[in-house]
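Biologist: I would like a close look at a single part of this model, followed by how that part sits in the rest of the chain. Please keep to plain values.

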Amino acid sequence: MAASRFCVFCGKSPEKKNREHILPQWLISLTGDPKRVVDFGTNFVSGATLRFDWSSFCVPACECCNTEFSVLEDRAKTYVLK
């Protein structure tokens, strides 16, 4: 059975789907190499370690939701950079 896809923001099936990075690329760059690989746990069926590089760790989002939440992210970025 295939996993159903939903927008990380609104929970509906994404309209004009795009990818939302779990952590913003600007924040990842501030903390080191955006291509570094990190462990996120274990697949308990196969026993394999779940590994992702930060730059490709994304979830689906509606284009309009992602745009709307990018305004909030931009405001947060201002404070983080201070």
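Going by its relative accessibility, what does Gly41 count as?

Modeller: Gly41 counts as partly exposed, at 30% relative accessibility. The scale calls a residue buried under 20% relative accessible area, exposed over 50%, and partly exposed in between, with a 1.4 Å probe and protein chains only. The model is predicted, so local features need pLDDT of at least 70 and side-chain atom pairs count only at pLDDT 80 or more, while totals for chains, interfaces and linings use all residues. Residues are numbered from 1 along each chain as its sequence is written, and side-chain values use heavy atoms, with hydrogens and water left out.

Gly41 is part of strand E2. Helices (H or I, at least four residues) and strands (E, at least two) are DSSP runs, numbered from the N terminus. Not counting residues up to four places away in sequence, Gly41 touches Ala48, Thr49 and Leu50, where contact means heavy atoms within 4.5 Å. From Gly41 to Cys65 the sequence separation is 24 residues, and their C-alpha atoms are 28 Å apart in space.

Ala48, one of the contacts of Gly41, lies in the loop between E2 and E3. This residue is partly exposed too, with a relative accessible area of 37% for Ala48. Apart from neighbours within four places in sequence, Ala48 is in contact with Gly41, Thr42 and Asn43. Ala48 and Ala76 are 28 residues apart in sequence, and 35 Å lies between their C-alpha atoms.

Phe40 is also in strand E2, which covers residues 37-42. At 33% relative accessibility, Phe40 counts as partly exposed. Its contacts, with neighbours within four places in sequence left aside, are Leu50, Phe52, Trp54 and Phe57. Leu50 is therefore on the contact lists of both Phe40 and Gly41, given that contact is heavy atoms within 4.5 Å. The C-alpha atoms of Phe40 and Leu72 are separated by 26 Å, the two residues being 32 apart along the chain.

Side chains of opposite charge can pair when their charged atoms come close. A search of the whole structure finds one salt bridge, defined as a side-chain nitrogen of Lys or Arg within 4 Å of a carboxyl oxygen of Asp or Glu. The partners are Asp39 and Arg51, with the closest N and O atoms 3.4 Å apart. Asp39 is partly exposed, its relative accessible area being 49%.

For contrast, here is another part of the chain. Asn66 lies in helix H2 (residues 63-81) and is buried, with a relative accessible area of 13%. Leaving aside neighbours within four places in sequence, Asn66 is in contact with Phe9, Asn18, Arg19, Glu20 and Ala61. Phe9 is found in the segment before strand E1 (18-21) and counts as partly exposed at 28% relative accessibility. Beyond four places in sequence, Phe9 touches Glu20, Ala61, Cys65, Asn66 and Phe69. Phe9 and Cys58 are 49 residues apart along the chain, with 13 Å between their C-alpha atoms.

Now the whole chain. The protein has two helices and four strands, in the order β-α-β-β-β-α from the N terminus. Its radius of gyration is 15 Å, well over the 12 Å that the globule rule gives for 82 residues, so the protein is more spread out than a compact globule. That radius is taken over C-alpha atoms, and the rule is 2.2 Å times the number of residues to the power 0.38. Along the principal axes, the C-alpha atoms fill a box of roughly 40 × 35 × 15 Å. Buried residues make up 18% of the 82 residues. Of the contacts with a separation of 6 or more, 61% are between residues 24 or more positions apart.
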